[in-house]
Amino acid sequence: MNDDHLRAAYRAHIASRAPLDRTSCPTAERLETLARGAAGGDDRLSDLDHVFGCARCLPEFELLRAVESSEAVTARSTSTTLTAASKTPTRTPSTRLRAIVPRSAPRFALAAMLVLSIGLAGDYWRRSRMVSAGNTEPGVVRGDDSGVTLIAPGLATLSSRAEADASLSWHAVDGAESYVADVLDTSGVSLLSRTTTDTVLRLDRDELQRLQNAGIFDWMVSARRMDGNERRSTVTRVRLPDRRR
Amino acid sequence: MLSPPLEAALTRLARMIRAVGARHGLLDQDLDALLQDVRIRVWRAHPTGESIAQLPTSYVYRVAMTAAVDLVRKRRREHDREPAIEEAPSAALASRVHTDEAALASDLGDAIARALASMIEARQVVVRMHLIGYERSEMSALLGWSDDKVRNLLYRGLQDLRERLTHAGYRWPEDG
């Protein structure tokens, strides 16, 4: 019996007892506060106790900490005044970085965590967004449940259609007064951004050429509604076959 | 394309999240989608290249954090609507692995849980964090406690855990 055995058994234990509902879990916003190390109040201890004993909260918490840790590393690289000397140890960027790198754990425990986390990853492609009118962070897009549903192209290819008929299409959203279609290459360069009132965007020759040159691209559609909200589709990746073959 | 400092921030973000992804099974394409989403959010909020160029890098992280929180919220809402379609079978499969090793680990896991439940909350938290793999400095930062306090709680908590497990029949190498 050693620490590794204890850790593996503990991880397996919490993985096998993942809660079926999340009513007792801290909210996503609370997880963010905890991940920032900025949580206060009487519940902080019990919330953290829950997170480290909950197979559903833990991956979410780790994801948020990764984002938080990235910011800390950047802050360190750009700051010349950062001092680490303190009687009370603070979470320095280096310790944050150390904390998110993979830790030793027996294979079966990691596998259990992976299985539980895979759903979180898969969800990304299904989510949608809206701009909240009451958003306290200007310019930050908040999400909701009902987004835009893309029709084509999905995993199919544009080139399977006649070039004159190449288009992007999606389902209509109630109350939408216009739609914005965005296409990005895999490095994040915008290939196309067009506004339309239709649910089909026909590509002109130049636009189609840009997408074909990219070969692989991501596209999404935002629906702008009259009430000022914006709803968004998932980001969908399209891979075009090599036309030179 | 975002400005070079923002792209650099995004690249750094990608590296950090990939580290977590490797640990928790996030897929590369999902990470790509997250990063693309961050780019689009920034563009939507700042349509002109000039205004984007003036944004501080911290803005990217704030947007990324918002995107990540949205992801968590959305995930939970979907889970509420579709109870346990994806997860329950996985958990069930995991618990049906009838190997000796799994059975022993399961027994040990139960024993650890019982021992944790009997501890005061402060000890419980630090021992849980230790078992997940957190370092003391991380615990200090997240809990807002001094290193001395964390060290003391962890020492006593692990001692307590060990005593209870020993009492339950588990042995450590040095025990012979």
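# Reading a predicted two-chain model

Visitor: Which stretch of chain A has a pLDDT that stays under 50, and how many contacts beyond four places in sequence does the model have for it?

Guide: pLDDT is the predictor's confidence in each residue, from 0 to 100. A contact means heavy atoms within 4.5 Å. In chain A, the pLDDT stays under 50 over residues 80-145, and the model has 178 contacts beyond four places in sequence for them. This is a predicted model, in which local features need pLDDT of at least 70 and side-chain atom pairs count only at pLDDT 80 or more, while totals for chains, interfaces and linings use all residues. Residues are numbered from 1 along each chain as its sequence is written, chains are lettered from A and ligands numbered from 1 in the order in which they are written, and side-chain values use heavy atoms, with hydrogens and water left out.

Visitor: Where in chain A is confidence lowest, and where is it highest?

Guide: Start with the terms. Helices (H or I, at least four residues) and strands (E, at least two) are DSSP runs, numbered from the N terminus. Confidence in chain A is lowest in helix α6 (residues 107-123), at a mean of 36. It is highest in helix α3 (residues 44-51), at 92. Chain A averages 69, and 62% of its residues score at least 70.

Visitor: What is the mean pLDDT of chain B?

Guide: Chain B has a mean of 77, with 72% of its residues at 70 or more. Its pLDDT is below 50 over residues 83-97, a stretch with twelve contacts beyond near neighbours in sequence. For the complex, the predictor gives an ipTM of 0.77 and a pTM of 0.60.

Visitor: What share of each chain counts as buried?

Guide: Buried means under 20% relative accessible area, exposed over 50%, and partly exposed in between (1.4 Å probe, protein chains only). Of the 245 residues of chain A, 51% are buried. Of the 176 residues of chain B, 55% are.

Visitor: Which residues have the most contacts inside the largest nonpolar core?

Guide: A nonpolar core is a set of buried Ala, Val, Leu, Ile, Met, Phe, Trp, Tyr and Cys residues joined through side-chain atoms within 4.5 Å. The largest has 77 residues. Those with the most contacts inside it include A:Leu6, A:Phe52, B:Ile112 and B:Leu165. Helix α4 (residues 57-81) of chain B gives the largest share, eleven residues.

Visitor: What does A:Leu6 touch?

Guide: Leaving out residues up to four places away in sequence, A:Leu6 touches A:Met1, and in chain B its partners include B:Leu108, B:Ile112 and B:Trp172. A second, separate core has 21 residues, among them A:Val183 and A:Leu203.
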